[in-house]
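Trainee: I would like to learn how to read the pockets, sheets and cavities of a model. Please take me through one.

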Amino acid sequence: MLIKVINPNTTSSMTGKIGACARAVAAPGTRIEAVNPTMGPASIESHYDEALAVPGLLEQIALGETDGMDGYVVACFGDPGLDAARELARGPVIGIAEAAMHTASLLGRGFSVVTTLGRTTGRAWELAHRYGMSGSCRNVRACEIPVLDLELPGSSARESITQECKRAVEDDGADVIVLGCAGMADLCRHIGERVGVPVVDGVAAATKTVESLVALGLVTSTRSEYAGPPAKHYDGLLGGFTITR
Ligand code: 5HY
């Protein structure tokens, strides 16, 4: 089974970490290809970043289709371009926020999301609502840590995030913690050993979700909304995204 894990930002060190976390949970016989686009933002911390990360993501999906990928993980907690990616890909496409929230809802009555910057919490709430998780989501907390600080060796990020997770358990009454950034994937075990409740990393959860769907022989429905994009010419910088049928 071939699964492509796409980090929609352009920071290759984060892609390496994401790939290692996906491979750590993949079943024998599952090959993980972890990639990031060469165009787009170095990190995704705003709506502007998210919008400009989507062309690079879709380019990687299109390449994956020519390479015969069975499924895809969108490894950014905003699940950017998820719907567009589902129109392009034959196999299942799963966002890490979607997978993490659904997984957390199976493990307790309520979960809290712990993410990077406060300005991204609105997006997380929007996704909780979209995924039918508003009733389970107790809170979305931010540590005010820039995404790329997670890449700095020896930074205090890990300790700050762990403390915020503890507060989520004590103050929100969270039964489960959802890590709100792909760059936190490698912190899952460390935090899990210190907060006393299950901690869900979306990269791992999404990888296993794609694996299960492919193993079940299930793909995205093309009945309506996720049918392939209509043939259309794209102008200017996006000329390469032209759809011919
Ligand atoms: C992520 N940004 O998972 C999101 C996290 C966030 O570059 N990878 C990013 O803060 O929304």
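Mentor: This is a predicted model.

Trainee: How does the lining of the largest pocket divide by class?

Mentor: It has 12 nonpolar, 3 polar and 3 charged residues.

Trainee: How much space lies in the second largest pocket?

Mentor: About 180 Å³. Its lining consists of Cys 21, Ala 24, Val 25, Ala 185, Asp 186, Cys 188, Arg 189, Asp 201 and Ala 204. Two or more of these residues come from each of α1 (12-25) and α7 (188-195), and α1 gives the most, with 3 residues. By class, the lining of the second largest pocket has 6 nonpolar residues, no polar ones and 3 charged ones.

Trainee: Now the sheets. How are strands in a sheet held to one another?

Mentor: Strands of a sheet pair through backbone hydrogen bonds, and the pairing is either parallel or antiparallel. In this model, 4 strands in the order β2-β1-β3-β4 form an open sheet with parallel pairing.

Trainee: Why is one side of β2 and of β4 left without a neighbour in that sheet?

Mentor: Because β2 (31-35) and β4 (93-95) stand at the edges, and each has a single partner strand. From one strand to the next, the twist of this sheet averages 20°.

Trainee: How many bridges join the pairs β1 with β2 and β3 with β4?

Mentor: β1 and β2 pair in the parallel sense over 5 bridges; for example, Lys 4 has Glu 33 in β2 as its bridge partner. Strand β3 (residues 71-74) pairs with β4, also in the parallel sense, over 3 bridges. There, Val 73 has Ile 94 in β4 as its bridge partner.

Trainee: What does the chain make with β1, α1 and β2?

Mentor: A β-α-β unit, and a right-handed one.

Trainee: Which strands does α2 lie across?

Mentor: For a helix on a sheet, state the strands and then the angle. α2 lies across β1 (2-6), β2 and β3, and runs at about 165° to β1. Helix α4 (residues 96-105) lies across β3 and β4, at about 70° to β4.

Trainee: What is the strand order in the open sheet that contains β5?

Mentor: The order is β6-β5-β7-β8, 4 strands with parallel pairing. Its edges are β6 and β8 (199-201); each has a single partner strand, so one side of each lacks a neighbour in the sheet. The twist here averages 25° from one strand to the next. α4 packs on this sheet too, touching β5, β7 and β8, and its direction makes about 150° with that of β5.

Trainee: How are the strands of this sheet joined, pair by pair?

Mentor: Strand β7 (residues 176-179) and β8 pair in the parallel sense over 3 bridges, with Leu 179 opposite Asp 201 in β8. Strand β5 (residues 111-115) runs parallel to strand β6 (residues 137-142), and 5 bridges join them. Val 114 has Arg 141 in β6 as its bridge partner. The chain passes from β5 through helix α5 (residues 121-130) to β6 in a right-handed β-α-β crossover.

Trainee: How many cavities of 30 Å³ or more does the structure hold?

Mentor: A cavity differs from a pocket in that a 1.4 Å probe fits inside but cannot get out. The structure holds 1 cavity of 30 Å³ or more, and the volume of the largest cavity is about 270 Å³. Of its 23 lining residues, Ile 44, Cys 76, Phe 77, Gly 78 and Thr 120 lie nearest the centre. At least two lining residues come from each of α2 and α5. The lining of this cavity divides into 9 nonpolar, 10 polar and 4 charged residues.

Trainee: Last, a single residue. Where is Arg 90 placed?

Mentor: Arg 90 is in the loop between α3 and β4. Leaving out residues up to four places away in sequence, Arg 90 touches Glu 65, Gly 68, Met 69, Val 219 and Thr 220.

How values were computed
Residues are numbered from 1 along each chain as its sequence is written. This is a predicted model: local features need pLDDT of at least 70, side-chain atom pairs count only at pLDDT 80 or more; totals for chains, interfaces and linings use all residues. Side-chain values use heavy atoms; hydrogens and water are left out. Ala, Val, Leu, Ile, Met, Phe, Trp, Tyr, Cys and Pro count as nonpolar, Asp, Glu, Lys and Arg as charged, and the others, Gly among them, as polar. On a 1 Å grid over the protein atoms alone, a cavity is a set of points where a 1.4 Å probe fits but cannot get out, and a pocket is an open set with protein on both sides within 12 Å along at least five of seven lines; lining residues have an atom within 4 Å of a point. Grid points are joined across faces, edges and corners, and a volume is the space filled by probe spheres set on the points. Two strands pair if DSSP finds at least two bridges between them. Axes are lines fitted to C-alpha atoms, for helices over the stretch in contact, and angles run from 0 to 180 degrees between N-to-C directions. Contact means heavy atoms within 4.5 Å. A crossover is right-handed if, with the strands pointing away from the viewer, the path from the first strand over the helix to the second runs clockwise.
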